[in-house]
Amino acid sequence: MTDASSTPPKPASQLRDIWSQFSTHKGALFGLIVLGSLILAVLIGPYLWVPEKLTVAEAIKLKNQGPSLRFPLGTDQLGRDMLYRMLLAGRVSLAVGLVAMTIAIVFGTFIGILAGYFRRLDSPLMRLTDMFLALPLIPLLLVMVMLFRDRIAGMIGPELGAFTLIVFAIGITSWMATARIVRGEVLTLKEREYVLAARSIGARPNRIILRHILPNVVSPVMVAATLGVAEAIITESVLSFLGLGFPPDFPTWGRLLFDGLQYMQVYPERVIWPGLAISLTVLSVNYIGDGLRDALDPRIRGR
Amino acid sequence: MLDAGPAPLVQVQDLKMHFPIYTGLFRRHTGDVKAVDGVSFQIQAGQTLGLVGESGCGKSTVGRTMLRLYEPTAGRVIIDGDDVASLPPEALRKKRPSMQMVFQDPQASLNPRMTLADIVSEPLHEHTDWTRAQKLERVYELMDQVGLNRRFVNRFPHEFSGGQRQRIGIARALALKPRFIVCDEPIAALDVSIQAQVVNLLEDLQEKLGLTYLFISHDLSMVRHLAQRVAVMYLGRIAELSPSTDLYSRPLHPYAEALLSAVNEPDPELALRRKRIILKGDVPSPANPPKGCNFCTRCPKVMDICKTVKPDLVEVEPGRMVACHLYTAAGSTGASEAPERKNQERNQQGENR
Amino acid sequence: MADLAASVLEVRGLRTVFRTRGGEIHAVNDVSFHLRRGELLGVVGESGSGKSVTMMSLLRLLPMPPAEIRGGQALLDGRDLLSMSDEDLRSVRGARVGFVFQDPMTSLNPVFTLGNQIMEPLIKHLRMSKAQAETRAVELLELVGIPDARSRLYQYPHQFSGGMRQRVMIAIALACDPDVLIADEPTTALDVTIQAQILELVQELRQKLGMAIIWITHDLGVIAGIADRVMVMYGGQVVEQAPVRELFANPQHPYTRALLQTIPRISGPREARLKVIEGQPPILNAPLTACPFRARCEFRHDACDAANPPRRAIDGLPVGQGHDVACHWHAPAGREAAHA
Amino acid sequence: ERGADGEVKLTFPQAVSIMNPYLSGGTKDIYASSMVLEPLAGLDPEGVLIPKLVTEIPTLENGGVSEDRTSITWKLLPDLKWSDGTPVTAEDAVFTWQYCTHPEGGCSQATKFEGVASVEALDASTIKVTFDGPKANPYTAFVSALSPVLQKSQFESCLGAAAPTCTDANNMPIGTGPFMVTGFAVNDTVSLAANPNYRDPAKPAFATAVIKGGGDAEGSARAVMETGEFDYAWNTQIPPDSQAAMAAAGKGQFVVAFGTLVERLETNTTDPDPALPEGERSTAKHPHPILSDIRVRTALSKAIDRSILVEVGYGAGGKPTCNVIPGPEGWASDNDGCIAQDMEGAKALLDEAGWIDTNGDGVRDKDGKKLKLLYQTTVNPIRQDFQALIKDWWTELGVEVELKAIDPGVFFGGDPGSPDTFQKFYADIEMYANNSESPDPESYLGQYQCKNAPTPETQWQGENINRFCNPEYDALYATLATTTDIAERQAIAKKLNDMVTKDSMIVIPLVHRGTLSAHSLALGGVQINAWDTEMWNVADWFRVK
Amino acid sequence: MLTFTLRRLLLAIPTLLVISLVIFLLVDLAPGSPMSEIPLTVPPDVRQKMIEALGADQPVFVRYFLWLRQFFWVEPAYVIDHWFGTSLAAGEQRILSWQSRSPVFTIIGQRLPQTLTVIGTAYLVGILIALPIGIYSAYRQYSLFDQGGTLFAMIGFSVPTFFSGTLFIIIFAVWLGWFPTKYDTQLVVNDWESFVKQVKQMALPVMTLGLANAAAISRYMRSSMLDNMTMDYVRTARAKGMSERTVVLKHVLRNSLIPVVTVIALGIPSIFGGAIITENLFGVNGIGAALIGAIRASDLPMVQTLAFIFAVLIVLFNLIADILYGLLDPRIRYD
Ligand SMILES: Nc1ncnc2c1ncn2[C@@H]1O[C@H](COP(=O)(O)OP(=O)(O)OP(=O)(O)O)[C@@H](O)[C@H]1O
Ligand SMILES: Nc1ncnc2c1ncn2[C@@H]1O[C@H](COP(=O)(O)OP(=O)(O)OP(=O)(O)O)[C@@H](O)[C@H]1O
Ligand SMILES: [Mg+2]
Ligand SMILES: [Mg+2]
């Protein structure tokens, strides 16, 4: 059985394995392509598609136009090019959605693992979770904005400041579900025999958590992440609506959707574009999550 | 065989492991699962002690508590001079390389998301500061030792057969050159033809590296094959601790006797001739063991004294320790009479087939 | 003990494959056997040799997909289980064929009481009323030796020990007095004392009810104790089949021989070293064209690579009736040889 | 004929919280309660006084107002009854005065009784209001829906600190109006029924009325204009495009009334630089580095095309204006110099002021400082459109603009702890709308006195948002308070208006806004009124058959 | 189980007290004042008087303890008085809303029925839609139906209610004219006609919210079913000759429902919390609309009381979810 003569392989990079499995998942590829093109579009789109410079008076004459060659997605109530605005909005929305989701997931996973792994922390952390669930969101956000907006804006400028604050605010108010789920998983995982085995070789808790527990909570975390993106994008629009979000000349998909509502009946495309963009993002993140979950599981991989 | 070494490598003294039960409004501590309730034994360096008994009697708990995977309730576990049961955390971590464990379920004890290389080198990450290359070299060496093809380094546990998985578990245990290994039913989950491979491997390693084993199993024939001495456990206590040849030829404790009689011989001729003692009655809960002898609820030879007084584990014959009133009541002289009496009573309560 | 003439179950040329992402797995290859009324057929073979898949194929209990039954017949009193309608099959399952699965810990539904689970087939197949079914369920539990059966009826599986759960599984399988009981490693997960209790029970029931039993196990000791006839499987096919004494006394297939040698004994002299079967089980990703055991066989010769040996009788009786083996090599007869 | 026309259904985008206007300043509450509670006199759509509970409007001519203008005497209609059938007496008015001026009562209409020395019941039906000095405009107390008469017997135990605890009285006050409350669900629905004791036996035409609150302007408008579920919707401020689309459904019509509501830009004359220590930021201590220059302010105004703003935001509901007092006729200044956009003129002014784009980045600068402004307003789709348009124009002018939108609850909340209130004005420009509550703008113009500037010392309370301080203005305003001749008053008011607008460009008025409401075509008799409640003539409403 | 429940309930008290204090400080610290809805024409000194009359100028801890006293003593006493005709609460000040000067609990009492009927029905409808979709999607994994279900769920997640609600209004109220857009909270259901009216006016908000709820729950149901579909006991059931219907709808479903039911229970507080946007959109003046209105108006007593009740519900339903878990899953015991 042992064949010492053949040169043994070096431990291989798992990344390639994961990728090769990922790339066989049709849904995941679809998701990756869609999300990739969305990101690419919003990153370079605004440089490629530069709308014509119009004076206000000229633009107003062109308001509320339907899709045309000149304005592929039509114009808004001030005659601004919707395509350009959609692209700009996408930058913010995608960034907020992905970053805020990441913060929520990371924080939630962190809390969940601590609560699940260390008995002593369980009760206090779960009560903290209860508290966050019970806090009324809007006053919380109002307070955060009041306390930090100017300070952060002073440090890194109003736009980046708003971004940081919003992303942080959304993240900090949406980690609770993840924490609960992760805690539950960890409670069962830590009784697994391989965790015991790791302890028997003298592994420290941080190693056990990182190597043995964390990788096994990916699957529920992926689901939470999918939902998180959608929620973050929507929450951002609600925040903007409450004046807690980005400066008003900063379009985001959520805000375009919100603004478009007034015109929904007369110019339905005004809500369709941002709605479509949000749905596509969520759908693609969902499929990517599915694929990633499968790819990260060596038991499924290679089958 | 008994006096193989002057100083035993492993000494367990009155080890207790009680899992607390909390009940009531304020989670008051109202009782304990007495999984291990006063167990003492020693193992000489380079030898194997077999630990047998029925499911749930506390075998795994003994093994795990010895390695401080559970915090023992009481007792001392002296391994190579240090009392593991009371070492402070950092010292314990330093001590871990010298004592290792092979787990019952090879599938469950290997992280499904780690490759063979990761799994086997994990102890090295924790206890050495070798370079990658050095670690890899050691991994290969270990793989050779346990008979795994070096080409398998990048495979995941699910890509191995059960026997191979158990070899990975053994390689991991060997990585830090331990002196003592607890083998917690290392073959129970395996196919017969693979069981033999693993048992042979353990034997070979013991020979080559001078390892000391605590071999936990409920496969009595395997224990007989491997162990020099065997402890039979029942409900958290040791019922009998004897050299294996003596135990298998003439078990003293009624439970050991019943246990041995239940083993199936892979031979139709023998099978027909064997007499089995089928135990009746339910196994008591370890949270609420009977007052006297643990075995009194099912014992075919139960006496009145058994229901009130706990028998101690005493040496009734040279090298043979039994916890049973049949022997202790009669004193050391009564020990030789006991087997006779046993045979007479067999038909009264045990069922004879 | 067995009535030679009547076979309750006759399996002919069963083939089952799994279609997986990595290709097809030919788990069962041309398996044929029969089972007589009142007989206990032991099935042994190494892990992955297709024992469970064979038996589950009979009742079409495999998840399809990925499983696919490619051919063969399974005649239960002359009616083919593999081609009958789903509705008809359901009236066979549980009623005429009882099945005890490998793992007692997970085979019972954790959220229903035992009574509920035992009564289900009674109500469905025997059209009993609830009260009747309850009485019968108590009888069954008593039959499998569970004390205080009536109150146990309202308990949940987790309140039972492993051995008791296995007995409950047997009770469910026996509920409708089936003609055939298929028991898939019912005692592997249990320790010896409990195993002994169950073996006891099965012997008793067989005598009382006169049903035919297929008993899958790794444990040759168990086989030696209770089987009438033994079937050895390897690589998805039957490699040897013989009455139990004959098999232990005169094993023909190299695998069977090796298997008998690997096991340590509880009595007799202690072996210095256990025999092992070196090598890996075959990968069943294509239909067999050569002997599956050839890579590990000590008697390997050219014929083994050329063709998959068919089963041949070695005692003059037709294949399946007496002692037959699927091997190109002819073993010297006798018990001594087996233990060489 | 009373009660012949069934039910009339009204919807408000903001729900009614309370039916006692003295405990709420909210327009929704005042309008709703005006169907039940009535003042002695009201105002018609032209802003002219009309008697409600009195026989006639007291004037100097008829002797109702004393020669020295220190008292006014009202005469109640004979046989006037509360809806519970008890007679209305002068005592009720006296009580109302006591109620609102009680120091612990927190009366929101206290200004209505400002300067009132006493209210006496000369007899059962004669009420004499005495002022503590000559009063140029004596028609404050008991005039308009803001200060109706309460029934003494109902509110007697609700004086002062007890006022908020009288839930039943506050929610279901007994009044003299055409309707009486039959059911009240807080912040939701008010159910009303015709008052059997209403003074005109033929009115109201409707037997019952319902005011349903909640939702948004869009939804309210839709419920009248498209689905026809409601008869009347107050405050249906929606984009002109949608107005047109909804009107096309043919079920209802939009009506608009112009009062004095002006959407304006306020300029900050003090420096809001965050680098300044807290307490000095946006105070008179530091003049604004850019906006202190009138040329910059004027340029900013000139760059704006107000007609486009109107077209985008209000349609028929707005008119371009250059005044803070755009009406009524006679009070409004004829200043219209800002209506035409003058981009070139604006640029020239900035050049002249020394703001020149030296580095060619499109932003003017001076002494190394960029011409950069922070422009804030509340969250509101129309205001955000305005912000976008104005930013465009100013960018063209060479001004860099940073926009900010703030939740109205915070912006108008006046919480001294919040940096975002309009009084604190931690920005360079802010936009909102304000109006004079009565046609006579005296108190409204008082805002711009030096002493009214919000400062840290006053907890940032104060109406002089711009921190405008011109002794001339203060002096002229002082004469207004003592001038009684109407024509003269109007002249002074125009002058004051011009001082804050075209003369100083401290305030940059944008749009004279009307209130837009919608009513079903099946509802007759609606006459929208900007000077008093829109329900001022609800007794005359009827169902078109 | 009982001791477990009692223990958790006892533990909940300190938790809730801390939560109430945090909420209070938070709401108090939030910018905005009860005067923000007052027109600008009301001068500052009058505003100041009004604030004093509300007691809003008191130090924060005075107000907090006043609220605690009112919430835990006066209001219960008031209820007792109401039922038994005693006069425990005589002369005591109940919690008054700053915005409307009405007792907060009266307002909640007026609004609870709408919230429960509309949001509760929507939740129920959502569940009733979601369960079959989830079950069938899992049973036929990767089928067309399953893919459609996924799409439905994702759209349900990603489309905010303000969008779907407005869309439904335009389609069903404006174009088709089937349903009213404004909910009549005063409608009394006492005959067939008014019942039909009630159903009609509930249709749109229920549809809007039901869609969102169904999306999430169907996903949970599906994944839970998938987990259980491959369990050994399913095979046992088949081996007993049970029909597919029994196998799926009895054996698999019962096990799959365990986690789903707890998810559903955990979602129930959100019913009381109301669906702020939907309530607003359709004029269902429920708790959600009250909360948002109160927040906007900085109506501290109202916000505090609602937020606290909400916190109680969250803690309570967390407990109920745990207990349900124990009831549904006989393996779990809490003592
Ligand atoms: N962490 C724990 N908490 C509470 N009770 C425990 C725990 N671990 C084990 N027990 C109990 O201790 C007793 C002994 O368990 P142990 O696992 O040692 O048995 P075992 O002899 O190894 O059985 P098996 O042969 O089935 O592995 C059992 O009754 C078990 O239920
Ligand atoms: N669902 C499945 N998908 C793919 N392959 C399967 C599946 N189930 C079984 N197999 C394969 O079929 C072959 C036979 O499996 P089977 O379970 O019958 O073995 P067995 O003889 O019962 O082994 P054991 O003694 O371990 O139970 C194995 O190679 C196994 O990998
Ligand atoms: Mg064990
Ligand atoms: Mg099997």
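## Gly409(D) in the predicted model

A residue counts as buried when its relative accessible area is under 20%. In this predicted model, Gly409(D) has a relative accessibility of 9% and is therefore classed as buried.

Gly409(D) belongs to helix H11 of chain D, which covers residues 408-411. Leaving aside residues up to four places away in sequence, Gly409(D) touches Gly32(E), Ser33(E), Ser36(E) and Arg296(E). Within chain D, Thr421(D) lies 12 residues from Gly409(D) along the chain, and the C-alpha atoms of the two are separated by 9.0 Å.

## Surroundings of ligand 2

Ligand 2 is surrounded by 15 residues, of which Ser47(C), Gly48(C), Ser52(C), Val53(C) and Gln102(C) are the closest. By residue class, the shell consists of 4 nonpolar, 8 polar and 3 charged residues.

Oxygen atoms of ligand 2 take part in several polar contacts with chain C. A polar side-chain atom of Ser52(C) is 2.5 Å from an oxygen atom of the ligand. Backbone atoms contribute as well: a polar backbone atom of Ser49(C) lies 3.2 Å from a ligand oxygen, and a backbone N or O atom of Val53(C) lies 2.8 Å from an oxygen atom of ligand 2.

Ligand 2 exposes 640 Å² when taken alone, and the protein buries 70% of that area. Strand E1 (7-20), strand E2 (23-36) and helix H1 (51-58) of chain C are the elements that each supply two or more residues to the shell. The largest share, 3 residues, comes from H1(C).

Key
Residues numbered from 1 in each chain as written. Chains lettered and ligands numbered in written order. Predicted model: local features only at pLDDT ≥ 70, side-chain atom pairs only at ≥ 80, totals over all residues. Heavy atoms only, no water. Helix = DSSP H or I, 4+ residues; strand = E, 2+ residues; numbered from the N terminus. Buried < 20%, exposed > 50% of the residue type's maximum accessible area, 1.4 Å probe, protein only. Contact = heavy atoms within 4.5 Å. Near = heavy atom within 4 Å. Polar contact = N/O pair within 3.5 Å; in protein donor to acceptor, adjacent residues only side chain to side chain. Areas by Shrake-Rupley, 256 points an atom, 1.4 Å probe, with all protein chains shown as cover. Nonpolar A, V, L, I, M, F, W, Y, C, P; charged D, E, K, R; others polar.
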